[in-house]
Amino acid sequence: MSESASSASGGLLAATRNSAATLLATGRTRLELLANEISEEKLRAVHLLLLSQVAAFCLMVATILAIGVLLVLFWDNRLAILGGLTAFFLAGSGLAYLALRRTMTRSNRLFAASISELGKDLRQLQGAAGNESRPD
């Protein structure tokens, strides 16, 4: 009897250790995935910021040069040209502001892959716990 009791307790202890090791390995994998997603999102944000700054600078220089050309070509109507272009750029900045606000209010699921994987893990653990609690 003592051999069967010690083997049962040893088997239970080994199963508990294996479960703990599996749980820790799963947690480590998920944290690595989360860190990877954070790194990718940071690189993407920096890349987008850099490209948008370059595009904005080039557009600004081109706009100033185009206004200068228009003023030289139509020197007699320079006040009308300046007034019309001012209204045009104010309207454009208002539309850009509205688009920016709309984009900022739209939610983007950050870390969607990590959340999905953690949900799968939770369902698997709940399923395994349900199977263990059922008597055979």
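Author: A residue is buried under 20% relative accessible area, exposed over 50%, and partly exposed in between (1.4 Å probe, protein chains only). M60, at 48% relative accessibility, therefore counts as partly exposed. The model is predicted: local features need pLDDT of at least 70, side-chain atom pairs count only at pLDDT 80 or more, and totals for chains, interfaces and linings use all residues. Residues are numbered from 1 along each chain as its sequence is written, and side-chain values use heavy atoms, with hydrogens and water left out.

Reader: Which helix holds M60?

Author: Helices (H or I, at least four residues) and strands (E, at least two) are DSSP runs, numbered from the N terminus. M60 lies in helix α1. The chain has 3 helices and 0 strands, in the order α-α-α from the N terminus.

Reader: Is R30 buried or exposed?

Author: R30 counts as buried because its relative accessibility is 17%. This residue also belongs to helix α1, which spans residues 2-73. Of the 136 residues in the chain, 5% are buried.

Reader: Which residues does R30 touch?

Author: Contact means heavy atoms within 4.5 Å. Leaving aside residues up to four places away in sequence, R30 touches E117, L118 and D121.

Reader: How is the accessible surface of the chain to be read?

Author: Accessible areas come from the Shrake-Rupley method with a 1.4 Å probe; for residues, only the protein chains shown count as cover. For the chain, the accessible surface is about 11600 Å², and 69% of this belongs to carbon and sulfur atoms.
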